[in-house]
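Please look through the structure below before reading the notes.

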Amino acid sequence: MSIIENHKTDGKPFCDSAKLSARDVCVHYGEKQAIFDVSLDIGKNEVIALIGPSGCGKSTFLRCLNRMNDTIDICKVTGEIVLDGGNIYDPKVDVVPLRATVGMVFQKPNPFPKTIYDNVAYGPRIHGLATSRVDLDEIVEKSLQRAGLWAEVKDRLHSPGTGLSGGQQQRLCIARTIAVDPEVILMDEPCSALDPIATAKIEELIDELREKYTIAIVTHSMQQAARVSQRTAYFHLGQLIEVNSTDKVFTTPEHQLTEAYITGRFG
Amino acid sequence: MNYSTLLIAVLIALGGAYLLGRNRARTLASQGAKMHSLPTHYGALVALWTTLPPLLLLLLWAVFETRVVDMLLTLQLPESIRLAGEADVRLALSKVHNLAKDSSLMAESNLSGAAAHLVDLQARTSLLKGGVILALIFAGLGLTWRRIQPDMRARGEVESIVRKLLFLSSAIAVLTTLGILASVLFEAIMFFQKVSPIEFLFGTTWSPQVALRADQSGSSGSFGAIPLFTGTLLISAIAMFIAVPVGLMAAIYLSEYAASNVRQVAKPALEVLAGIPTVVYGFFAALTVAPLIRQWGETAGLDVSSESALAAGLVMGIMIIPFVSSLSDDVINAVPQSLRDGSYGLGATKSETVRQVVIPAALPGIVGAVMLAVSRAIGETMIVAMAAGLAANLTANPLDSVTTVTVQIVTLLVGDQEFDSPKTLAAFALGLVLFIVTLALNFVAIKIVQKYREQYD
Amino acid sequence: MTNSNLTTRQKVEASMARRRASETRFRLYGMASVLFGMLCLVVLFGDIFSKGYSAFSQTVLTTEIYLDADYLEISTTSDEQALMNANYEGLVKNHFKTEMQPSGRKERRQLYSMISAGAGWQIQKEILADTSLIGQTITIDLIMDDDVDQWFKHDHGNDDGSTRLSEAQLGWLDSWVESGDLHTRFNTTFFVNGDSREPELAGIRGAMTGTFLTLLVTFLLSFPIGVAAAIYLEEFAPKNRLTEIVEININNLAAVPSITFGLLGLAIFINIFGVSRSTPLVGGLVLTLMTLPTIIISGRAAIKAVPPSIREAALGLGASKMQTVFHHVLPLALPGMLTGTIIGMAQALGETAPLLMIGMIAFVVDVPGFINDPSTVLPVQIFLWSDSPERAFTERTSGAIMVLLGFLIIMNTAAVVLRRRLERRW
Ligand SMILES: Nc1ncnc2c1ncn2[C@@H]1O[C@H](COP(=O)(O)OP(=O)(O)O)[C@@H](O)[C@H]1O
Ligand SMILES: [Mg+2]
């Protein structure tokens with residue numbers, strides 16, 4: 001499986017109603033290049049799955065989409081990522097409203113060492129989204145409900161979020177993200193630390209969230225990609241090899257590397 | 001023979017015994033015997049048995065010589081002195097020692113008999129000591145040397161002795177703690193037989209000056225330590241008021257904001273502040289800061305004492321800044337990056353993340369760090385000894401002069417001490433309080449920090 | 001999701017002005033804290049330096065003085081008793097009396113007070129070194145009294161009238177300044193003399209020797225014991241309750257106030273064991289107990305840093321545990337242990353409080369020769385001098401602090417260099 005020089009992405013990386021469009025994105029960690037000229041559209045209200053062998057740059061690319069890479073000193077991003085017509089890498093853009101619009105859920109559940117209520121209320125509080133206590137209560141309840149956690153925690157909203165089980169913690173993190181009411185949600189292997197039952201719950205949740213949000217999800221599991229996404233993008237060694245509808249990728253992949261990956265020849 | 005001569009003799013014996021033992025093993029081996037261990041092991045074994053017993057004896061001798069000599073000497077004192085009481089005996093003994101040193105004085109004293117006896121005694125013990133030590137050296141050497149046989153397990157024996165020595169070394173730390181406790185406890189108990197603990201802990205007047213003669217007024221002194229405790233707390237509070245915010249903010253800035261080149265300069269610079277001896281801070285506080293504060297106070301129309309609590313507290317605060325900042329830095333760095341990411345991912349600014357996620361997450365560790373800093377402030381001696389006063393005022397006014405527990409310990413123990421006087425013993429009672437309080441603070445703080453670290457490991 | 005019609009993005013944008021301001025404020029607090037810390041450092045060093053740099057120069061008066069054998073009552077140069085006891089101070093006074101012609105007793109006293117009490121000693125030293133000088137006229141730089149010293153170094157030229165010198169004295173001084181006889185030279189006295197009540201004769205040699213002897217005792221005891229304890233705890237100690245207690249104990253001990261070690265020294269070493277007070281021996285014993293935790297903790301870290309592969313290789317070759325540790329682990333861990341020991345020694349060097357308890361605060365003029373002689377140490381000398389009202393003592397205190405800080409900087413630099421070396425290897 002050799003590296004392909006200047007690979008032009010196979011399939012359909014672009015779409016008509018793009019929420020986010022990346023153009024010629026390159027990422028360097030110091031001297032080392034991690035992403036090579038990736039161009040990709042993410043459509044409104046679609047779920048796009050990013051797959052590929054580990055270390056191929058899925059997380060790196062995902063973190064470009066809300067400039068989380070800014071927190072890593074040595075990380076340099078070039079190219080253009082346009083959200084609703086504006087380049088988010090424009091020096092004038094402030095990352096705060098950007099990240100409020102493009103939320104993120106991480107691989108390992110990372111609830112803050114606060115109560116469940118305060119975890120969910122964190123975003124609305126810092127952004128001043130609620131005008132009153134009642135307002136805030138409502139946001140918290142709705143977010144927990146949407147995340148499918150309300151029934152389980154409504155009696156212990158004021159106990160620490162870190163006391164929940166792994167799956168519950170991850171749903172709490174999702175609730176925390178949707179409490180800000182973003183437009184796009186980025187998820188980096190949100191189920192990799194969870195058991196199958198918790199995973200099923202999250203997958204169900206993603207399906208529901210699609211109505212309202214645009215979602216990009218990195219996943220290691222091809223079954224998961226097949227279950228939750230409409231389009232799938234395959235990354236290999238920092239390059240975007242192929243993007244197609246999920247059905248097509250898993251039934252008739254265009255590129256041999258994609259085929260090799262989904263048939264389990266490496267990963 | 002004095003101690004250094006004997007010590008040198010033992011060291012020479014060490015080398016000699018090693019060579020003798022090794023050579024004997026070599027000789028045996030060359031004669032065709034199959035030795036159990038290497039020749040060096042036999043050498044080491046002989047060396048250990050030759051030097052350890054005399055060293056131990058030398059130590060015991062050093063510990064008990066003065067007491068035994070004094071005991072024997074007491075019997076030689078004139079009856080009148082012996083019956084007069086302990087203090088007089090002690091005085092007489094020290095006179096006898098002086099007489100023995102300078103024989104020109106001896107003729108004129110009623111203690112000359114005892115002094116002559118002492119000279120005699122010293123000569124005899126010195127001879128005895130030398131003889132016993134040399135005997136031990138040769139006994140150890142001879143016995144062990146003869147034990148060297150092909151089937152002797154020298155290596156095992158050497159290793160088990162060395163292991164015991166290693167264990168003893170690490171036990172010294174525990175012995176030190178016990179030693180501190182014992183030294184303050186015994187004298188403190190004697191103090192509490194003269195002054196009630198209630199008066200000591202809750203009394204509000206501190207004037208330990210015992211009168212020289214019994215008929216002078218205030219002959220008993222008064223030992224209410226409350227002004228000392230409040231003085232200590234006042235100065236520590238001022239120090240914490242400076243050190244905690246500045247140290248914490250500096251740690252936050254350096255770990256979350258500063259570029260790496262800034263960090264590389266600023267961190268060692270702050271550490272230099274921690275390496276400066278406290279006596280230097282004391283000098284700075286007493287000669288620069290205190291006059292400055294007094295001057296400012298005067299222009300502002302305030303009445304500032306020249307040994308104000310403020311000056312000592314301020315400078316102590318400066319001294320503790322690097323202590324707080326390096327401990328907080330460790331603690332803040334232990335907060336996992338994933339928590340920061342979670343906050344940034346929701347669109348929080350850096351300061352929001354620090355204030356609402358990092359600090360709360362690090363809080364137990366920071367509390368531990370602050371407790372260690374408080375313990376440090378309470379136990380700090382030189383700055384207060386030089387810049388704070390001796391006046392035991394019960395006040396919360398930082399412009400007044402206050403005194404602290406440590407200052408009083410120093411004052412009571414420096415200079416001529418009369419033993420068994422409540423004044424001297426009071427220092428040990430204060431030491432006991434200081435030791436217990438700081439030990440408790442350290443113990444809890446170290447536990448908290450340890451728990452905190454385990455949480456994120 | 002909320003009741004109002006604004007989108008999240010609009011609300012967030014609306015909050016940005018306030019949040020940017022608070023972000024800037026917070027960052028400024030942080031920057032100010034770091035700057036405050038560094039400023040303190042600069043002010044502290046600047047203050048000490050500005051007060052202390054002049055301690056390294058000394059005012060002397062170049063004088064031609066006739067060593068009158070009759071006045072000194074030295075008939076034969078082999079008479080040692082006469083050489084030792086001659087009235088050199090009187091000779092100096094006499095010389096200035098005839099030279100400057102003071103009128104009246106008051107002026108005469110003022111004149112004499114300008115020359116240091118050490119001037120006589122200077123003459124004596126010259127003569128003892130070369131008795132043939134008797135009966136000759138020699139040129140010598142006589143040490144001046146501290147008031148003159150301070151006037152010449154600080155007040156001369158800026159007439160703010162703060163000096164304690166009288167009109168007559170100022171007149172003589174001006175004439176000496178004019179002739180160029182009054183000048184400063186490097187203050188060797190400060191480095192070769194012990195303590196003295198006269199500031200111009202006070203030096204730090206006694207304190208430095210005391211410090212050296214004390215640290216020697218400390219090092220000779222704490223290094224082997226510390227290394228042995230670290231080896232035991234890291235390599236041999238069974239993981240049980242007792243070991244845990246020892247460990248907790250060491251950590252706690254590292255944070256116990258230093259003054260309590262002084263109490264231990266007083267109650268146990270001096271009162272029970274009968275070690276003599278004020279000696280480097282008892283000082284070293286106390287400082288040993290104080291620095292042990294530092295050395296043990298850093299020693300354990302150094303042993304931990306030795307890769308396990310080295311242990312496995314040695315054990316694999318059939319070496320016993322003890323041999324592995326002493327022949328393979330210890331040599332590799334030694335530089336790290338040495339670093340910790342240097343840092344511990346630097347702490348011990350600056351320590352004052354516990355030494356006050358064990359009597360190292362005594363006024364000691366003689367330079368100690370052995371660990372059993374009464375002596376003081378540099379930090380305690382600083383403490384003692386800082387209490388003296390004379391301006392010249394303040395200057396010397398600062399000078400002594402500069403010397404102390406110099407030693408500390410050297411030791412800490414050595415530790416840093418050693419650590420760098422270490423990091424490069426692994
Ligand atoms: N913080 C970082 N610093 C340096 N290199 C990094 C960093 N994060 C990721 N990389 C490198 O970038 C490449 C892509 O990593 P990543 O995006 O995490 O891969 P994936 O999520 O697909 O497993 C890897 O080679 C990885 O080593
Ligand atoms: Mg990843």
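The points below take the ligand site and then the loop residue.

1. This is a predicted model, in which local features need pLDDT of at least 70 and side-chain atom pairs count only at pLDDT 80 or more, while totals for chains, interfaces and linings use all residues. Residues are numbered from 1 along each chain as its sequence is written, chains are lettered from A and ligands numbered from 1 in the order in which they are written, and side-chain values use heavy atoms, without hydrogens and water.

2. The residues around ligand 1 include A:Tyr29, A:Lys32, A:Gly57, A:Thr60 and A:Ile74 (near means that a heavy atom lies within 4 Å). By class, this shell has 5 nonpolar, 5 polar and 2 charged residues (Ala, Val, Leu, Ile, Met, Phe, Trp, Tyr, Cys and Pro count as nonpolar; Asp, Glu, Lys and Arg as charged; the others, Gly among them, as polar).

3. In chain A, strand E3 (32-43) and helix H1 (58-64) each give at least two residues to the shell. H1(A) gives the most, with 3 residues (helices, H or I, have at least four residues and strands, E, at least two, as DSSP runs numbered from the N terminus).

4. An oxygen atom of ligand 1 lies 2.4 Å from an N or O atom in the side chain of A:Thr60. Taken alone, ligand 1 exposes 560 Å², and the protein buries 64% of that (Shrake-Rupley method, 1.4 Å probe).

5. C:Ser278 sits in the loop between helix H12 (258-270) and helix H13 (280-304) of chain C. Is C:Ser278 buried or exposed? C:Ser278 is buried, because its relative accessible area is 9% (buried means under 20%, exposed over 50%, partly exposed in between, with a 1.4 Å probe and protein chains only).

6. Leaving aside neighbours within four places in sequence, C:Ser278 has contacts that include C:Ile358, C:Met360 and C:Asp373 (contact means heavy atoms within 4.5 Å).

Methods:
A polar contact is a pair of N or O atoms within 3.5 Å; within protein, one must be able to donate a hydrogen and the other to accept it, and residues adjacent in sequence count only if both atoms are side-chain atoms.
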